[in-house]
Amino acid sequence: MEIAFSIIRVSSEDGLRGYGPDVQWFEDVLPNAPLLGLEVSEELRAVIQEPATGWDREKFQKAVQQALELYRQGKVKAIIFPRVDRETRFVFGSFALLAEVIRVGMDVYFAREKFKLNPDEPESVERYFSKATQAQAYVDTMRDNTMKGKKRRALQDHKMPGGGRKWAFDYIPTTGRYQKNEARAEWVLKCYHWLLEEGLSLEKCCRRLEQAQIPSPGWEYWMRAMGKGRTWKRKLPRADKWYAYTLRNILLDPANVGKFYAYCHQRVKRADNKKYLVPTDPSSWLLVYEDAEQAIVTEEQYQALKLRLRLNYENSRRHAGHQYPPLRRLVFCTLCQRRMAGWTNDHSGIPYYVCNVCHYHVNARKLWQQLSNEIKTRLLEPERLVAGVRAQIEDGKGKASPKFSSNA
């Protein structure tokens with residue numbers, strides 16, 4: 001009989017249903033392992049604790065790497081799971097682990113279903129996918145029901161679920177609500193004044209906050225994480241480093257006008273199965289409660305700033321595109337007679353026409369200003385313009401495009 005390494009997953013939902021690690025071990029693994037020709041022991045098993053609707057990739061990767069190391073030492077020949085469930089998704093969800101497991105020649109078994117997973121056999125793969133799809137559908141249903149219950153409870157109790165951090169407010173766990181932080185609320189008001197009254201940009205507001213040595217939210221996050229024992233290989237951010245994106249999110253938070261919403265973000269899984277938060281559509285936000293006493297700015301100020309930042313976004317070069325004078329594909333290099341391409345300096349925003357061969361360049365705005373005066377003069381002399389067009393037609397060049405030399 002082959003010696004197998006057991007991987008058992010335990011969640012809070014399994015515990016409530018009486019399907020803990022001991023039940024999985026004594027009812028699934030031990031009785032069915034001999035039927036599969038496997039020998040198991042408590043010393044060669046890993047128990048993974050995780051949420052009912054989650055999948056911790058790092059924990060499973062650690063357990064699989066432990067099994068692979070034992071396989072290289074000749075102590076085990078296979079991996080066995082109590083059942084086909086979400087913990088087995090690593091086989092097809094992580095190509096690196098799958099390739100390594102197949103490369104070394106380890107076998108994968110499932111105790112309750114009593115079958116061996118063989119990627120080369122279509123029936124085995126189809127059976128696995130059928131069971132795994134059913135398990136995932138159950139997880140999705142349980143997650144949806146849980147979210148619906150949380151939303152109903154939040155609306156009934158008028159309490160914020162989870163108590164996410166807001167820079168200008170402090171969360172009170174006993175009441176489930178937010179309370180205005182007077183010191184930080186004063187800086188929010190100053191930023192509104194700088195943007196709406198003085199006409200500053202978000203970047204300049206960030207520089208003023210840095211000059212005042214106001215700790216950034218990012219620095220506070222790092223400090224809380226370090227207090228929990230987390231470490232990082234990369235360099236920590238500066239304590240007073242502010243970013244325009246962070247400040248924009250703080251100023252446009254509806255809590256500044258006394259409206260407290262929940263579920264404004266959702267978790268999205270990337271290709272490497274890691275999750276990150278992305279903003280959701282405002283129409284899907286859940287208004288838990290309103291409290292005018294905790295408002296920092298008026299509704300008029302909030303809407304004015306929202307309009308100001310939206311116009312800045314729409315009119316920026318990054319989103320509106322670079323604006324060139326109407327001479328595209330009409331400017332040619334005086335040195336090599338090749339067509340010059342448009343290019344904009346990202347720092348100054350000045351457009352140029354550049355020759356990709358000679359690297360000769362000319363300011364597009366100055367060139368257009370110089371030519372536009374000549375064009376206006378020609379338009380005021382229709383006889384001269386008609387004579388030029390007639391001459392081009394007679395020479396058979398009526399369809400030719402005019403060329404402007406860069407030394408015009």
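The model is a predicted one, in which local features need pLDDT of at least 70 and side-chain atom pairs count only at pLDDT 80 or more, while totals for chains, interfaces and linings use all residues. Residues are numbered from 1 along each chain as its sequence is written, and side-chain values use heavy atoms, with hydrogens and water left out.

Let me begin with the helices. Helices (H or I, at least four residues) and strands (E, at least two) are DSSP runs, numbered from the N terminus. The axes of H8 and helix H10, residues 244–251, come within 9 Å and cross at roughly 95°. Axes here are lines fitted to C-alpha atoms, for helices over the stretch in contact, with angles running from 0 to 180 degrees between N-to-C directions. H8 is therefore roughly perpendicular to H10, a term for angles of 65 to 115 degrees. Contact, meaning heavy atoms within 4.5 Å, involves Leu202, Glu203, Cys205, Cys206 and Leu209 on H8, and Ala244, Leu247, Arg248 and Leu251 on H10.

Serine 216 lies in the loop that joins helix H8 (202–211) to helix H9 (217–227). Is serine 216 buried or exposed? Serine 216 is buried, at a relative accessible area of 4%; buried means under 20%, exposed over 50%, and partly exposed in between, with a 1.4 Å probe and protein chains only. Its side chain reaches the backbone oxygen of lysine 241 at 3.2 Å.

I turn now to the sheet. Three strands form an open sheet in the order E14-E15-E16, with antiparallel pairing; two strands pair if DSSP finds at least two bridges between them. Strand E14 (341–344) and strand E16 (361–363) are at the edges with a single partner strand each, so one side of each has no neighbour in the sheet. Neighbouring strands are turned by 35° against each other on average, direction ignored. E14 pairs with strand E15 (residues 351–354) over four bridges, and tyrosine 353 in E15 is the bridge partner of glycine 342. Helix H13 (residues 364–379) packs on this sheet, touching E15 and E16, and its direction makes about 65° with that of E16.

Finally, the cysteines. A disulfide is a covalent bond between the sulfur atoms of two cysteines. Cysteine 358 is partly exposed, with a relative accessible area of 31%.

Technical notes
Polar contact = N/O pair within 3.5 Å; in protein donor to acceptor, adjacent residues only side chain to side chain. Parallel < 35°, antiparallel > 145°, perpendicular 65-115°, else oblique.
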